[in-house]
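Here is a briefing on a two-chain model. Please look over the sequence and coordinates first.

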Amino acid sequence: MLEAPGTLVVGSEVPNLLEPGFAATLVVSQDLDIGVPVDGHAALKERLPGLREFEPSADEPSVWTPRSPDLLELNFVGMDSKQDPAEAYVLEDDRLPLLVFGGLALLSPGPQIELEGGMVRLPRLAGLCLEKLVTGRTGEKGERDLLVALALLTLARPADLEELEGLYRRLKPEARHAVFAHLTILSLLGPRDGMPDPRPWRNEVGALLRRLEAQGQKP
Amino acid sequence: MTTPSLDRQVRELRSQLLVRSWEYRQRHHAHGVWFRFRRVLVDAKEAYAIPRPEAEALIANGSHAEPVGSELQPPKLIIFVPAERVRAIPTARSLEVRLSADLLQAECLALVPFEGVSR
């Protein structure tokens, strides 16, 4: 499934897989988010019969639940590079309908890693980090998303931050303000089990905010 | 195949985007005060609750009060000061830099900026 053309791992497992040796020490994930490009949906569906260790959820058709407790749930989400990041729609399908998140339009294919004999494509760090910062979820899910963004920031190299800055400049003012607002929230979050502790990283989070402000793009 | 759960999620996302638009329009108005308050705290490495006379003395000696403090009700005196100045105040009480009850209840806040941050 993960080798289907254009398919990316897009959720909280990404920082774990970007760690040296895929150490997976940063985030305790609840599921594996698989980003499916809308123009690659048909090709991915052909591979569904090979997904023998999972079965579709009766409640949520884009979720496949594992038959073994040792495996993570799979959550398929749609990606449409032509979509406005502030929109969402449902890609109707009888076998694998997808919720297409506009924020995922910020993602582009990044490194490919070899994992247990298979090749897994990850998104570029900058786009995923910005997607987590721009998406306005509330409550626990929102805080977890911000801490995933933090996990990515802890791994970011200078070139990743430059790329993030470039992507930020292309956002509409309302989305830029959302990034600012979420960075201020991230800077003041307390620790949470299974997630990186944001307190030692407050200066880096503030530095990113000030860097984006310095672009003259302050919302 | 009908997808009521996905349709519901789309509706929820669109509701959140409406809230985001509202927050954006409010950014310079009353409801934007929380964003502006958080923005000030982002630059603070340390925070201390200090007595009002100490805060007023700092202002008399050239520190300036952050405007967002007067937008809150009851108002707060929020002042950025160098670490050595605040440590010279024996009654200064250290607070964690987050939106805790302790920090929100403090009438006067002395904030120590991160190195290189000018306020």
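Predicted model: local features only at pLDDT ≥ 70, side-chain atom pairs only at ≥ 80, totals over all residues.

Residues are numbered from 1 along each chain as its sequence is written, chains are lettered from A and ligands numbered from 1 in the order in which they are written, and side-chain values use heavy atoms, with hydrogens and water left out.

**Interface**
- 30 residues of chain B contact 40 residues of chain A (heavy atoms within 4.5 Å).
- The area buried between the chains is about 3,100 Å² (accessible area lost on being put together, 1.4 Å probe, summed over both parts).
- Carbon and sulfur atoms give 60% of that area.
- Four salt bridges cross the interface of chain B and chain A (Lys or Arg side-chain nitrogen within 4 Å of an Asp or Glu carboxyl oxygen).
- A:Glu87 and B:Arg14 form a salt bridge at 3.2 Å, N to O.

**Helix α2 of chain B**
- Nine of the ten residues of α2(B) (residues 33-42) are buried, so the rest of the structure largely encloses this helix (buried: under 20% relative accessible area, 1.4 Å probe, protein chains only).
- Among them are B:Phe35, B:Arg36 and B:Leu41.

**Rings**
- The whole structure holds two aromatic pairs (Phe, Tyr or Trp six-membered ring centres within 6.5 Å).
- A:Tyr168 and A:Phe180 are stacked, because their centres lie 6.0 Å apart and their planes at 20 degrees (stacked: planes under 30 degrees apart).
- A:Tyr168 and A:Phe180 are both buried.

Note on methods: Phe/Tyr/Trp six-rings, centres within 6.5 Å; stacked < 30°, edge-to-face > 60°. Buried < 20%, exposed > 50% of the residue type's maximum accessible area, 1.4 Å probe, protein only. Helix = DSSP H or I, 4+ residues; strand = E, 2+ residues; numbered from the N terminus. Buried area = accessible area lost by both parts, 1.4 Å probe.
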